[in-house]
Amino acid sequence: MTGIYLSDAFATHKVEAMVKLLGLDPLDPEQWDFLQSETTQDLQAAPGSGKTTLIGLKLALMADAWTSVTCGVCVLSHTNTAKNEITDRVASLAAGRNLLRYPHFIGTIQSFVHTFLALPAVRDKGVEVRSVDDATFETAAIRLLQHPDYSKLRSYVERQRDGTGIVTGATFTYRDGELVVTGATRQPPFRAETDSGKQLSHLKRTLARRGVFRYQDMYAIAQQYLADRPGIVPAVATRFPFVLLDEMQDTSATQHELLDLLFASSPTVVQRVGDTNQGIYSDADAVSGRPASAFPLSGAAELPVSRRFGPQIAAVASRLAVRRPQQVHGAGPDGQVAVLLFDEVTATDVVPTFERMAAATIPEDVLHRRPPRVLGARQAPGTSDAYPQSISCYVPGYSPPGRQAAHRTLIDAARAAGTQWRSGADSQAAATELWNALRASYTPVTGEGLPALGRLERSGATPGGRVRNLLRDLLVNGAVLDEASWGMLTEELTVQVQLLADRPLRTVGLEFTAATKAAAAACDVSKSSAAVPVVRAVPGTIQSAKGETHAATLILECLEKNGRKFDVTEAIRMVLEKSDPQRELKSVQAAVQLVFVGATRPTHLLVLAAHRDRGKHHAEAMINEGWDVRDLTEH
């Protein structure tokens with residue numbers, strides 16, 4: 001890269017000086033090799049191997065030696081969290097801050113495609129972009145569907161189970177030189193030349209002219225833009241002679257195709273970093289039969305040493321490496337693996353037991369610095385009768401932080417929001433969450449849905465005011481209502497919502513479901529306050545914890561998506577039997593791959609929760625592995 005940066009950018013003395021300046025541990029030979037590499041290559045990095053630190057170090061050295069004022073470094077990741085972590089690292093040095101401005105670019109692949117390809121393409125057509133967001137598109141699509149122009153499409157959708165997904169998932173795909181309308185995860189159930197197909201295409205293109213798009217649309221628009229204007233490809237490649245791709249295992253086939261179009265035939269150096277065994281996101285392109293990116297390529301460099309955890313957790317991780325055999329070497333703190341066996345009665349004791357274990361075995365300052373986490377593959381139960389299915393089976397009233405809870409029934413939403421209301425954490429958020437669930441339960445047959453909570457009238461003499469009062473009753477008493485009381489409340493609620501909407505309503509999810517013993521106990525926050533540990537564990541999905549590091553991690557057994565197997569049970573079996581992951585069913589591989597991601601988060605304590613009926617016959621083998629096995633049904 002003559003003339004782009006100084007030739008001694010990665011000289012040994014400069015690397016050692018930067019390592020000392022940043023207060024980093026001495027580098028392994030494998031880290032040295034990647035750091036000083038100036039050619040296109042892949043790097044397969046084990047969890048906790050210091051991948052992000054290494055990327056930050058390399059970028060700091062490049063920033064310190066960069067000389068070009070028109071060409072820059074392009075750093076791409078998949079999430080804003082990962083992008084922000086890289087940005088924070090390079091911004092800690094004066095020289096590194098140069099990478100935060102022109103001609104450099106650090107961002108997500110989505111933002112890169114927006115900035116350099118899709119948004120210029122849309123504006124070139126005279127369209128003002130109002131939104132690139134799936135949720136916003138869904139709302140706009142449902143609203144537009146009510147227009148008389150889409151009567152046949154609306155009629156078809158209303159006859160289908162979950163039919164609105166056909167409309168809300170309408171996505172552009174670049175095919176044979178043009179943008180065609182497909183589904184987000186599957187093809188529409190009718191041909192494009194039918195009346196419904198034509199109306200779906202018209203609806204999608206109408207929203208596009210209004211500047212409302214789905215995220216996936218932007219990749220198709222970018223592909224068309226590159227095909228129509230081939231001169232853009234060399235221009236982008238010249239602008240970015242060095243590209244670093246983080247979390248490469250999560251790159252979709254469409255993203256990979258775009259990046260190949262831009263850089264594969266150019267002199268640009270492309271270095272891809274990731275861990276193929278942590279590739280947990282399904283590729284929507286698999287629907288069209290296109291394979292996702294092959295990563296890592298044969299001969300890739302590897303970082304096998306994890307400084308996050310010690311040998312015991314590393315041994316579990318190594319046996320759960322599904323996509324690629326990987327012997328992880330644990331060089332971190334000596335840790336412990338434990339298993340909690342439970343039944344339907346003791347499921348809600350799992351999280352409190354885990355919190356007590358963490359408090360008893362991990363220094364308090366470590367717990368405060370890296371709070372414990374409770375992780376599961378599924379947020380809410382499905383339609384199966386199998387148990388347990390999701391995080392909510394262990395944590396009654398659970399809803400994802402910052403997101404509206406997905407409840408099957410209104411009473412479930414009332415119990416969850418009521419728990420939040422009584423905790424005093426955010427009463428307005430609790431009321432809003434419940435109102436949104438109520439809006440989903442009462443849907444006008446035609447026209448717009450119910451107004452936002454803030455637009456309801458407050459006077460008790462109006463339908464809006466009466467609905468507000470009933471909403472408060474739900475928050476205060478929803479958790480303790482019996483079936484008869486619930487029926488009377490929902491009857492009155494239906495009358496008032498009908499008056500508020502002033503149009504026919506569809507109702508769903510108003511049936512009464514019995515609260516579990518644990519749910520009732522969870523409503524009284526004060527009862528257990530004396531036993532609350534110093535640091536509480538935060539529940540969430542395994543997917544949401546990707547890239548995090550915890551002092552202790554609990555993996556909750558959940559039903560895999562096909563509804564036939566349980567993820568933690570399968571993971572435990574694979575570890576103890578030392579089975580070949582490649583010989584397992586695809587459904588088992590997918591479930592265990594998620595467990596791998598969760599199991600490689602903790603530094604000190606990894607706890608697996610398994611139903612006693614499925615886990616007890618493994619107890620002796622687990623104890624022989626040195627695991628701490630506790631049967632909650634016996635205590």
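Are Tyr156 and Phe190 buried or exposed? Tyr156 is buried, and Phe190 is buried too (buried means under 20% relative accessible area, exposed over 50%, partly exposed in between, with a 1.4 Å probe and protein chains only).

A quick word on the ground rules. This is a predicted model, where local features need pLDDT of at least 70, side-chain atom pairs count only at pLDDT 80 or more, and totals for chains, interfaces and linings use all residues. Residues are numbered from 1 along each chain as its sequence is written, and side-chain values use heavy atoms, with hydrogens and water left out.

Now the rings. Rings of Phe, Tyr and Trp (its six-membered ring) pair if their centres lie within 6.5 Å; planes under 30 degrees apart count as stacked, over 60 as edge-to-face and the rest as tilted. That rule gives nine aromatic pairs, including these two:

| Pair | Centre to centre | Angle between planes | Type |
|---|---|---|---|
| Phe105 and Phe112 | 5.7 Å | 65 degrees | edge-to-face |
| Tyr156 and Phe190 | 5.2 Å | 80 degrees | edge-to-face |

Lys204 lies over the face of Phe172, 4.9 Å from the ring centre, while the charged end of Arg614 sits over the ring of Phe566, at 3.6 Å from its centre.

Note on methods
A charge sits over a ring if NZ of Lys or CZ of Arg is within 6 Å of the ring centre and within 35 degrees of the ring normal.
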